[in-house]
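Here is a note for a colleague who is new to this structure. Please read it with the model open.

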Amino acid sequence: MTSTRGESLRAALTDMLRHQQGNHGWAVLHEGLAGVAAAEGPTALDALLAEVWLKRPYITDAHAITLLGIAVQHHTLHDGGPSEVFDAKTPLPVRVRLLAGLPKERRAELTRLMAEHSNSYTGARRFLVPQLVIGAFARARGIERVRLMDLGTSIGLLPRQLNVEPVFDRFAPDLRWHPAAPPFRRIPLEYVCGVDRPPLPTLEWVRACHGPSDYYEQRFAEVLWSLDQAKTAGRYDVPLRPLDLLDVRALADALTSARINVATCTFVLYQYAEDVRRRVIDTVVGALDRPGLLLVMDPSHGLARMGCSVHAYVDGSTEALHVADVSDAHCMGDVTVRPGMGVLAG
C-alpha cells in the first residue's frame, strides 16, 4: 500500500489497533488487515479501496476500515467466507493470506457493500443521553410539542426507544453521570421519524455491524430486546425513509416540510470529512423550527479510542455547545457533564 491515501489509512489502522477495549470484536481482523496493508507495491486491497474511494470520496479512514470489516463479516455470515480471519487462534500469516485473497476473489461483492452501506451499528443504550438532554431542553424552553427526526437512524431503534420507560430503567443504572444526571422526563413528542442513506439498513446488516465477539453478541441481544419493548409500548411504527444526508437540499426540505424542531445525529458525522460534516450541520441548524436543537453524538477519537462526545446546536447557531463526554461509546460507563448542558437546561 503505497499511495498517499493508502498510507493515511494504514496509519489509522495502526491507531485503531491500540484501542483500549480489546473485546470490541474487530481487533483480530484489524491485525490481519494491517499485515495486508503493509505489503509493498499495489495489491488487490489497494484496487478495492481505490474503487470505493472513487464512489465515496468523503468517507474517513476509520469509516473505510470499519466498512471493510463489516463487509468481510457479512460475507462470512451469509456466504460461508473464511471465518478464520476473525479467529485469534489462527496464525497471523494465515489470516493475512486469507484477507489478501478476499479483495481479489470477492472484489465486486465487497465493493458493492462498502459503496452502498454505512456502519449501521445500533447501540441499545445510546438513547439514554438524548432522552435526558432533550427532556431537559424541552422543559427549560417550555416546548410543548417536539417534532423529532433521527438522522442516520439505521433501523430506527433510537426514536422508537424514546419515552419507553422499561428500556430506560434497564439501561440507565449502567451510566453514571458526574456531577449528576438530569431527571428523567417524558419528551412531549408530537411526531417522530428517522432517515438514513438508501438502501435503508436491515436487521441483517445491523447484525454484521456488530463485532464477532461475545461482547457484541450481548449488545445485539439488547437491540432485539429493545425492539420488542418498543412494540409492546406501541412505538414500533416510527416512519423511516431513505434520505442521503449529503443531499443537503433534500435534507433541508425534509426538515422544513415536517416542521422538525429537534434532530438527533448519533455516530454518523464521524464517517465523513470535516467540510462535509460542517455542511450537514449548517443545513440542519438552518432548517429547524425555532427554538431548535440539533444533538450530535460522535466518537471522541475517530474509533481509535473509547468514548464519545455530545454537542448541541441551538436556536439557529452553528456554534457547538459541549454538552457531555461519555467514557464508553456504548453508554455503559461515565458521563461527564460539560458547560453546554447548563445552557440547554437553563
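1. Second largest cavity. About 300 Å³ of space lies in the second largest cavity. Of the 24 residues that line it, G152, T153, S154, T266 and V268 are the closest to its centre. α8 gives the most, with 3 residues. By class, the lining of the second largest cavity divides into 8 nonpolar, 11 polar and 5 charged residues. Here Ala, Val, Leu, Ile, Met, Phe, Trp, Tyr, Cys and Pro count as nonpolar, Asp, Glu, Lys and Arg as charged, and the others, Gly among them, as polar.

2. Basis of the values. This is a predicted model: local features need pLDDT of at least 70, side-chain atom pairs count only at pLDDT 80 or more, and totals for chains, interfaces and linings use all residues. Residues are numbered from 1 along each chain as its sequence is written, and side-chain values use heavy atoms, with hydrogens and water left out. Helices (H or I, at least four residues) and strands (E, at least two) are DSSP runs, numbered from the N terminus.

3. How space is found. Rolling a probe the size of a water molecule over the atoms shows where empty space is left. On a 1 Å grid over the protein atoms alone, a cavity is a set of points where a 1.4 Å probe fits but cannot get out. A pocket is an open set with protein on both sides within 12 Å along at least five of seven lines. Lining residues have an atom within 4 Å of a point. Grid points are joined across faces, edges and corners, and a volume is the space filled by probe spheres set on the points. By this rule there are 7 cavities of 30 Å³ or more.

4. Largest pocket. Which residues lie nearest the centre of the largest pocket? They are E274, R277, V296, D298 and Y313, out of 13 lining residues. About 270 Å³ of space lies in this pocket. α13, β6 and β7 each supply at least two residues of its lining. The largest share, 4 residues, comes from α13. The lining of the largest pocket has 6 nonpolar, 3 polar and 4 charged residues.

5. Helix α13. This helix covers residues 274–287, 14 residues in total. α13 reaches 20 Å from its first C-alpha to its last, close to the 20 Å expected at 1.5 Å a residue. The expected span is 1.5 Å times one less than the number of residues. In α13, V276, V280, I281, T283, V284, V285 and A287 are buried. Buried means under 20% relative accessible area, exposed over 50%, and partly exposed in between (1.4 Å probe, protein chains only). These buried residues pack against β1 (146–151), α12 (248–257), β5 (262–266), β6 (293–299) and β7 (308–314).

6. Helix α2. In α2 (residues 27–37), V28, L29, H30, G32, L33, V36 and A37 are buried. Their cover includes α1 (4–16), α3 (44–55), α4 (61–79) and α5 (92–105).

7. I70. This residue sits in helix α4. I70 is buried, at 0% relative accessibility. Leaving aside neighbours within four places in sequence, I70 is in contact (heavy atoms within 4.5 Å) with W26, N119, W205, A208 and C209. I70 and F86 are 16 residues apart in sequence and 12 Å apart in space, C-alpha to C-alpha.

8. Salt bridges. A salt bridge is a side-chain nitrogen of Lys or Arg within 4 Å of a carboxyl oxygen of Asp or Glu. The structure holds 18 of them. In one, the closest N and O atoms of R125 and D174 are 2.9 Å apart. R125 lies in the loop between α6 (107–116) and α7 (128–141) and D174 in the loop between α9 (165–171) and β2 (176–178), so the pair ties together parts 49 residues apart in sequence. R125 is buried at 6% relative accessibility, whereas D174 is partly exposed at 32%.

9. Two further pairs. D334 and R176 meet in a salt bridge (3.0 Å, N to O). D334 lies in strand β9 (residues 334–337) and R176 in strand β2, so this pair ties together parts 158 residues apart in sequence. R207 forms a salt bridge with E217, with the closest N and O atoms 2.4 Å apart. R207 lies in helix α10 (residues 203–209) and E217 in helix α11 (residues 214–232), so these parts, 10 residues apart in sequence, are tied together.
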